[in-house]
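Hi everyone, thanks for coming along. Let me put the structure up on the screen, and then we can walk through a few parts of it together.

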Amino acid sequence: MKTTPIEPARIERSPEGLPFAPVFGDVYHPRAGALEQARHVFLGGNGLPQRWRGRERFVIAETGFGLGNNFLAAWRAWRDDPERSERLDVLSVELHPPSADKLCAWPRDPAVAELADALQAQWPPLTHDLHQLQFDDGRVTLHLAFGDAARWLPEWVATVDAFFLDGFAPDRNPAMWDARLFRSLARLAAPGATAATWSSARAVRDALRSAGFVPDRAPGVGGKRDITVARFAPAPTALSRPPGRPMARDVPRQALVVGAGLAGCATAWALAAQGWPCRLVDRHAEPAQEGSGNLGGLFHGIVTPEDGPHARWHRAAAMAFAPVARAALADGVAGSLEGLLRLEFDLCDAAAMRARLASLGLPPSYVEALSADEASSRAGIALRHPAWAFRDAGWIAPRALAAWFLRTAAVPVAWQGGADVRSLARDGRDWCLLDASGAEIARAPTLVLANAGDALRLLGGADWPIRALRGQVSVAPADGLALPRLPLAGAGYVLPPVAGQAVFGATAQTDDADPAVRAADHVENLGKLSRLLGAETGLDASSLRGRVGWRWTAIDRLPVIGAVPDARAVAVGSTDQPRRLPRQEGLFVFSALGSRGIGSSVLGARLLAAWVSGAPSPVGASLMDAVDPARFAARAARKSISSARAARAER
Ligand SMILES: Cc1cc2nc3c(=O)[nH]c(=O)nc-3n(C[C@H](O)[C@H](O)[C@H](O)COP(=O)(O)OP(=O)(O)OC[C@H]3O[C@@H](n4cnc5c(N)ncnc54)[C@H](O)[C@@H]3O)c2cc1C
Ligand SMILES: C[S@@+](CC[C@H](N)C(=O)[O-])C[C@H]1O[C@@H](n2cnc3c(N)ncnc32)[C@H](O)[C@@H]1O
């Protein structure tokens with residue numbers, strides 16, 4: 001999906017004193033009041049609050065987030081309802097989001113004022129991404145897409161129970177009432193889904209009808225005679241979902257997770273947030289003893305000229321990670337969230353870097369381009385290169401973070417350490433974990449493999465292009481070294497002092513299984529450190545300590561997250577779209593976190609939890625495809641389809 005800069009909302013005051021969008025020539029809500037309209041049209045028109053009662057999850061999708069009044073009204077009604085669903089998910093899209101200060105510049109009804117403050121406190125940077133905002137201990141999630149609805153609706157992956165149709169008036173903003181847009185909504189609709197809008201325009205009813213909804217009139221509010229309500233009742237043939245998409249499954253809510261590094265611990269935490277208790281199995285007595293066991297590691301976004309899937313994944317991941325890191329740091333996990341500088345060695349001039357940010361539409365609340373002098377003053381030491389300054393970024397202690405995920409999981413995680421899983425077996429609908437003697441370690445109908453590269457072995461030698469990169473980190477006493485106030489990255493990295501130590505590195509070696517800390521690697525790390533600091537450190541390699549680990553990395557440097565494809569079925573029904581490929585029932589993987597596993601842990605775990613539980617996906621369909629384990633088979637199929645075409649063309 002191509003990204004474009006986001007233009008923030010221009011909001012003026014109409015003659016009646018209402019928020020008014022000059023670009024569209026329309027008001028955000030009628031004189032009767034935003035809350036009045038939300039309650040009567042959008043909640044009442046969709047049969048709420050009654051319809052969410054007694055349900056595990058209720059999902060609302062809205063076109064046009066505006067000032068968020070409908071979201072706040074829905075959240076208020078859900079909070080006030082003792083029979084509410086366990087979870088409420090609201091998807092919304094906004095082409096011109098207000099800046100954080102404009103969001104709350106208009107007076108709110110006292111009933112939602114406190115909620116509006118909570119919304120403002122989490123208001124994300126205005127980037128062209130799907131942002132997740134979580135409230136009420138994670139039971140309410142707002143999935144907020146910034147950009148054009150025509151672009152985003154086909155990207156949403158969710159099963160929606162109620163639609164709030166709230167673009168401006170159809171004659172002023174026909175794009176929001178386009179028949180194609182309604183077809184995208186129909187693709188998301190759950191059986192029995194409903195829709196409501198204040199518009200009673202005939203064109204709106206016709207577009208709803210053509211997408212499989214049955215529209216009806218209902219009495220209006222605030223002087224409006226009638227509104228439109230609709231029920232989803234498509235022709236039976238129209239209901240088909242690709243097999244490679246998350247779906248609520250009829251199984252007990254209980255999962256087994258193998259591997260207690262960051263991937264497994266974050267997965268258990270994210271599944272718990274969806275009401276799924278887990279049993280977490282690892283070969284070590286304690287979590288995070290392997291790849292996730294370093295003293296500290298960085299988390300930050302990324303800027304690339306083309307803003308492809310890699311940049312979009314790591315941006316979304318960084319934005320999902322920051323609020324969680326903030327909570328973990330506040331709870332005593334070591335680290336900092338005061339920003340990070342990534343030195344730029346190719347674009348030697350901050351003006352060129354700023355031009356890149358402008359063309360990508362990345363705002364300073366996400367990243368800034370700094371000259372070497374500006375970067376030096378942020379770092380507190382003299383730097384020789386310009387830098388990308390990532391705002392909500394920093395460093396954190398991964399082992400402590402893994403433990404924090406387990407400690408703060410919404411439902412308790414059962415820990416089973418010292419259990420080396422040698423093979424998997426299928427018994428009925430259960431997945432069984434077996435030890436070296438073939439004895440059963442644990443079983444469940446839902447299994448997540450989060451055991452890094454060993455997942456490939458357990459999957460019977462899956463031929464995914466994933467390899468191990470050996471990495472050695474170096475550690476030295478920080479006294480006498482001019483270390484930066486913020487973490488520095490570029491060719492290698494260095495952290496601010498960690499408990500009186502300088503932590504820097506790291507090497508990256510392929511086909512290297514040597515677990516020993518090596519002097520030659522310290523020398524290499526000292527070279528990286530001097531380049532970052534722009535000066536020799538005078539440290540002697542023989543005085544350094546270190547730690548070795550492996551980063552499992554896919555060829556496209558994206559993690560592998562989702563339901564495991566069914567290799568036999570893939571061979572038969574070859575298709576070039578991951579989402580069309582059949583899956584093995586109940587078997588999921590979260591692996592290949594590469595050298596950015598800290599930053600990817602939260603978003604990856606939430607995506608995995610969406611696969612398992614059927615929750616709305618925290619990323620759009622194209623990013624989901626980009627990290628899907630079925631992408632490798634889909635690429636192979638694409639290659640064979642195009643070579644067959646080329647061969648035909650030659651004949
Ligand atoms: C030198 C180095 C520096 C790094 N720096 C950074 C950084 O600055 N920022 C960043 O974001 N990332 C960094 N990373 C990457 C990051 O640490 C990893 O991506 C991340 O830790 C991977 O987590 P994981 O849970 O997938 O794997 P692991 O932490 O390796 O966890 C896998 C778990 O599975 C268990 N397991 C495996 N097989 C079995 C089995 N058969 N039975 C039972 N248990 C099993 C293991 O015991 C282990 O606990 C760095 C990595 C290295 C090596
Ligand atoms: C009536 S207002 C929505 C009010 C909002 N639901 C609320 O509760 O505050 C309509 C919104 O649709 C947005 N919009 C218009 N065209 C759009 C498009 N093509 N894609 C996404 N949003 C769009 C406008 O910017 C505006 O914020």
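Let's start with a question: is Met353 buried or exposed? Met353 is buried, because its relative accessible area is 0%; buried means under 20% relative accessible area, exposed means over 50%, and partly exposed is in between, with a 1.4 Å probe and protein chains only.

Before going on, a word on what you are looking at. This is a predicted model, where local features need pLDDT of at least 70 and side-chain atom pairs count only at pLDDT 80 or more, while totals for chains, interfaces and linings use all residues. Residues are numbered from 1 along each chain as its sequence is written, chains are lettered from A and ligands numbered from 1 in the order in which they are written, and side-chain values use heavy atoms, with hydrogens and water left out.

Back to Met353, which sits in helix H10, residues 350–360. Helices here are DSSP runs of H or I with at least four residues, strands are runs of E with at least two, and both are numbered from the N terminus. If we set aside neighbours within four places in sequence, Met353 is in contact with Glu344, Leu347, Ala369, Pro386, Ala387 and Trp388, where contact means heavy atoms within 4.5 Å.

Next, a pair of helices. Please find H9, residues 309–330, and H12, residues 398–407: they pack at an angle of about 90 degrees, and their axes are 11 Å apart. Axes are lines fitted to C-alpha atoms, for helices over the stretch in contact, and angles run from 0 to 180 degrees between N-to-C directions. So H9 is roughly perpendicular to H12; that label covers 65 to 115 degrees, with under 35 as roughly parallel, over 145 as roughly antiparallel and the rest as oblique.

Which residues meet there? From H9 we have Phe321, Val324, Ala327 and Ala328, and from H12 Leu401, Trp404 and Phe405.

Now for H16, residues 597–613. Its 17 residues should span 24 Å at 1.5 Å a residue, and the end C-alpha atoms are 23 Å apart, which agrees; the expected span is 1.5 Å times one less than the number of residues. H16 has a kink of about 30 degrees centred on Leu603, the bend being the angle between axes fitted to the seven residues ending there and the seven starting there. All 17 of the 17 residues of H16 are buried, so the helix is largely enclosed by the rest of the structure. After H16 comes Gly614, with a positive phi near 85 degrees.

Among the buried ones are Cys265 and Trp269.

Finally, some backbone details. Most residues other than glycine have a negative phi, and most peptide bonds are trans. Where do we find a cis bond? One joins Leu48 and Pro49, with omega about 15 degrees, and Pro49 lies in the loop between helix H1 and strand E4. Ala592 is not a glycine, yet its phi is positive, about 55 degrees. Ala592 lies in the loop between strand E32 and H16, and counts as buried at 4% relative accessibility. Ala452 also has a positive phi, about 50 degrees, but Ala452 is partly exposed at 34%.
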